[in-house]
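Welcome, and thanks for taking a look at this one with us. Please open the structure below and keep it in view as you read.

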Amino acid sequence: MSPFFEGDNTQKPLDKYYKSSRRPSPLPPLGPIKGVYLPIGASFNYMSHPVDFDVIIVGGGPGGSACARFLGEKGVSVLLLDKASFPRDKTCGDAVSGKSLKVLQELGIKEKVAAKPNGKVKGVLLSAPNGKSFVVSMSKPGEVETNAYCVRREILDNVLFEHATKVCQFRERVQVTGLLKEHSQVVGVKVKDLSLEKEQELRAHLVIGADGATSVVARELQVSQIPSEHNCVAVRGYYENVSGVTDNIELHFVDDLIPGYFWIFPLEGNMCNVGVGMVMQDMQQRKLNLVDEMKKALEKEPFKSRFAHAKLHGDIKGWTLPFGSYKKKLVFDGAMLVGDAACLVDPFTGEGIGNALTSGKLAAQQALLALEKKDFSQTFLQPYEANVWKELGAELDLSYQLQKYSKHKPLINFIFSRAQKNPKIAAALSEMLVNETPREKTLSPLGLVKLLLS
Ligand SMILES: Cc1cc2nc3c(=O)[nH]c(=O)nc-3n(C[C@H](O)[C@H](O)[C@H](O)COP(=O)(O)OP(=O)(O)OC[C@H]3O[C@@H](n4cnc5c(N)ncnc54)[C@H](O)[C@@H]3O)c2cc1C
């Protein structure tokens, strides 16, 4: 085994996908590349340049790790890069709902995640600015299985990353600083090893940008900046001993925070993930500091008494959520974007893990076809973008509508008081918020209006 590689060397490339023009040794001279070493296959030049890997994936979060796993298990030579070292934290609400679980199942790690420390979620509690609240179960009648979890990202992402790196090569603490291009074609990445303070260039047929909300790959591809009306800011803290916590996810549309909501999500033991999110444009217009707003909310009822004995662990941290209501370009000559780098967060619920996993899977599918056909042009990669919008587009559009409605306090008060009295409305809202089935397939806004007026 090459001294550059640590780990399982048993993976065999699939001829179908694997007629490589990868550069033979010498391998990159920086820190050790870990993971599965795929022996160099038949030398068959279909690119003008020799490559080190078939695919380089930038970012080992849910989007990147899922993509790496789906490709690696088909025998594609993948290098997964992350500037962090796993396990690493990611500022998040930690809610892993039906859509995420579906892909975790396809990846074969749903049970593994379920066995990790987590908060099992059985329902959703929603409260309106006027204090009216209702709870909806997430299980269908007769179903006993938990439909969602809250898993700290330090745990979830590590499971995903470890699963991916069983079938691909990887480097941690390596930051991508730019893209290598030949004319308009992306042919690799410029990296900086953060441990050794050294820079290097690595080449691949395809580069997949899964590097999150502040994606360097997207910036280098000159994707236009997301407008503040399609971007969200959210802060979260880990609290112990919050009273009244159940196995429900809690979403509170609090008076002072509209448009935006306050959440309490149950975690393992006595811990909770508590946070506040708001559309960036609204936050900027009102000149709000979300950490201060969250603290203010905790000093008022109904939360004051519930947090009387609560203890904050660590800091309250914030990050951005690029909403999928802004349709970004996702394919380029030699590159694709997935997850937050592709702006795919649900504009109503703030859920982005499921869409990152889904887009990672769809990008892997298109990458396999590109490797098979030896065509890495934007035109050939275009079906990936089409598939993302086919799978997620209608739901993202509907969520954007719901987000706009949620800015109107009287409307939320009205909807929630109707839901309190009518279980059908409550169930419809629950389907819209947390189900595995795309939202537009369960209920349209018109359908909801009809229900409300029934
Ligand atoms: C406060 C908050 C609460 C949220 N709550 C939820 C929730 O409850 N449920 C939910 O589903 N979603 C939630 N989200 C959204 C969710 O966190 C993201 O949508 C999700 O993490 C996207 O996954 P990703 O793989 O695209 O990116 P990320 O998880 O951000 O992973 C990107 C990875 O790329 C690496 N990276 C970045 N730049 C570089 C570089 N230049 N070189 C190398 N590596 C790089 C990073 O280290 C990171 O590991 C929340 C977000 C926030 C901010």
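Predicted model: local features only at pLDDT ≥ 70, side-chain atom pairs only at ≥ 80, totals over all residues.

**Helix α11**
- Helix α11 covers residues 409-421, 13 residues in total.
- From its first C-alpha to its last, α11 reaches 19 Å, close to the 18 Å expected at 1.5 Å a residue.
- The buried residues of α11 include I412, I415, F416 and A419.
- Viewed down the axis of α11, the buried residues fall within an arc of 95 degrees, so they line one face of the helix.
- P410 and K421 are exposed, on the other side of α11.

**Cis peptide bonds**
- Most peptide bonds are trans, and most residues other than glycine have a negative phi.
- F86 and P87 are joined by a cis peptide bond, with omega about 0 degrees.
- P87 sits in the loop between β3 (78-81) and β4 (95-96).
- E301 and P302 are also linked by a cis peptide bond, with omega about 10 degrees.
- P302 is found in the loop between α7 (290-298) and α8 (303-306).

- D94 is not a glycine, yet its phi is positive, near 70 degrees.
- The loop between β3 and β4 holds D94.
- D94 counts as buried because it has 26 C-beta neighbours inside 10 Å, where the cut-off is 20 or more.
- R173, another residue that is not a glycine, has a positive phi of about 55 degrees.
- R173 lies in the loop between β9 (169-171) and β10 (174-182).
- R173 counts as partly exposed because it has 15 C-beta neighbours inside 10 Å.

Terms used:
Residues numbered from 1 in each chain as written. Helix = DSSP H or I, 4+ residues; strand = E, 2+ residues; numbered from the N terminus. Expected span 1.5 Å × (residues − 1). Buried ≥ 20, exposed ≤ 12 C-beta atoms within 10 Å, placed from the backbone. Arc of directions from axis to C-beta.
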